[in-house]
Amino acid sequence: MSESSRDERPTGVADDDVAISTTSSSLTRKQILDIIFLVLAFSCVVAAMTLVVGTGAIVVQSVGGDVTLAPFALAAFFLGMSIVSLTVTHWVFQRWGRRKGLWCGCTLSLMGVLLSCIGVYLSSTVLILVANLFLGAGSGIGMYLRFAAVEVVPLEFQSRAMTWVLCGGCLASFAGPEAADATKGKFGNESNMEYFGVFVVAGCFNLAQAIFVRFVGFPPSSIEKQEENTPRRIEGRSEDKEKSDTEQSDITTHTQSGNRTPVPPPLPTREFESILKHSDFILPVLVATLTWSIMAMPMSIFRVAMKEMGYTARQSLTVIECHFLSMYAPGFFSGAFIKTHGFIKATYVAIVMFVLATCVNVFATQDNNNTTVPWYLGLILLGIGWNFGFSGASMWVTRSYMGSPHLKAKVQAANECLVFLFSGAFIFSTGYIYDSAGGEEINGWKTLNYVIFGLVAFLIVVVITATIKMNGKEKPETEEKELGPGAIEDVDLLEADESADV
């Protein structure tokens, strides 16, 4: 292994654990362990999230809030995710690296847990909503674990690594809701203290996340790289120049002998403002925003709707567990689907799932005798659609900073901010939409799903627009023939991630 390869590896990683070839067919032991710890860390993020999101509406009602305020808990959660992306994440990862940045997220979540406990004890709806801002901020930083996954594996495993990490949510699909049910009433039988244990358990998951993050071998941040390389450039400038010339000569030799693919010319750089105006940023942001909104709006209030229609708390709890499982279980194969067929086709799969789910939800009935099937089916289809839509959009947006890897942190932060800001705005309206039809029996639920139909129609327009733009771009015939249709998009976005600094 060359000296330059040793300089670029994460601290504490052995030489034989570093992947140096993009044609390797397997992961090293260190890379496998990194992925495992990332999956466990993400499962803790999702477990804490399911605890808060799954009980948010009924917690607001338990402390005296009315039905129109119930979805505000989830909306505040999303707003917190947006705010932290706007104000913190674009610099904290670049300056401090992934590990310390993720620990900042754990700290924010623990602050939210403390405020939630105080709010529940004082029966304060305002404190509960403020606490959800902090909980959302912490979870928003935790969601960056999916981006961190592509930084610890070789090129050909990056799309699958992201979906593997998302699969960590499967572990949390039942752990979170069941923990909420198990701790119900453990800290007092008063209505306001009924869900106090939810936030205690959420805090435990946040601490576990911090522990798992500690064992991941993240690559150093761009500033840490500069600090490590500065003495070398000062003391051995001629040595570095000679090494660079030698490496360049090696690349040329291998290229001429046919043993290595020629190094592609540098991609054109973009300014941050131009990236935000480019379709490769705008379109995936719209897809991710609509995907989250279509899934989260029904999720934020369906437990309230089921309660008002006569279903038991146990029935609605089981439905939300299956919903959470359906959100993350497709990650076992959605990554391979995206790698093979591209993110546009993944979004089409999401659209089909959303249309079917909304049709099922509209036909849900009030009678709770042997009719929980529509609730299970509707929420499960929503979860599957979310997985394909959000995973595809997450990979899609990486195209936007091709040629400008130094802007990766800012672009990711802008993406997260816009997605959760507008998704939160849609969720804020859920309670009013539900209540506009009287909020009684099935009418409010059906009215909400009619609105969801409109959002799905908008998503269809966005994806058709993207398809037209993609088909309008010229693709080199040689690459198309070699890689197969749809593969060029995937290779391009993975090349962008390989050269990223953060």
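User: Where does S279 lie, and is it buried or exposed?

Analyst: S279 lies in helix α13, which covers residues 279–308; helices here are DSSP runs of H or I with at least four residues, numbered from the N terminus. S279 has a relative accessible area of 16% and is therefore buried, since buried means under 20% relative accessible area, exposed over 50%, and partly exposed in between, with a 1.4 Å probe and protein chains only. Leaving aside residues up to four places away in sequence, S279 touches P284 and K469, where contact means heavy atoms within 4.5 Å. Please keep in mind that this is a predicted model, in which local features need pLDDT of at least 70 and side-chain atom pairs count only at pLDDT 80 or more, while totals for chains, interfaces and linings use all residues. Residues are numbered from 1 along each chain as its sequence is written, and side-chain values use heavy atoms, with hydrogens and water left out.

User: How should I read the packing of α13 and α18, and at what angle do their axes cross?

Analyst: Two packed helices are described by the angle and the distance between their axes. In this model, the axes of α13 and helix α18 (residues 408–428) come within 8 Å and cross at roughly 35°; axes are lines fitted to C-alpha atoms, for helices over the stretch in contact, and angles run from 0 to 180 degrees between N-to-C directions. Among the residues that make this contact are F281, W292 and M297 of α13, and L418, F422 and I427 of α18. The contact residues divide into 14 nonpolar, five polar and no charged, counting Ala, Val, Leu, Ile, Met, Phe, Trp, Tyr, Cys and Pro as nonpolar, Asp, Glu, Lys and Arg as charged, and the others, Gly among them, as polar.

User: How many salt bridges does a search of the whole structure find?

Analyst: Side chains of opposite charge can pair when their charged atoms come close. The search finds five salt bridges, each being a side-chain nitrogen of Lys or Arg within 4 Å of a carboxyl oxygen of Asp or Glu. One of them joins E178 and R314, at 2.6 Å from N to O; because E178 lies in helix α8 (residues 169–182) and R314 in helix α14 (residues 313–328), the pair ties together parts that are 136 residues apart in sequence.

Key: Helix = DSSP H or I, 4+ residues; strand = E, 2+ residues; numbered from the N terminus.
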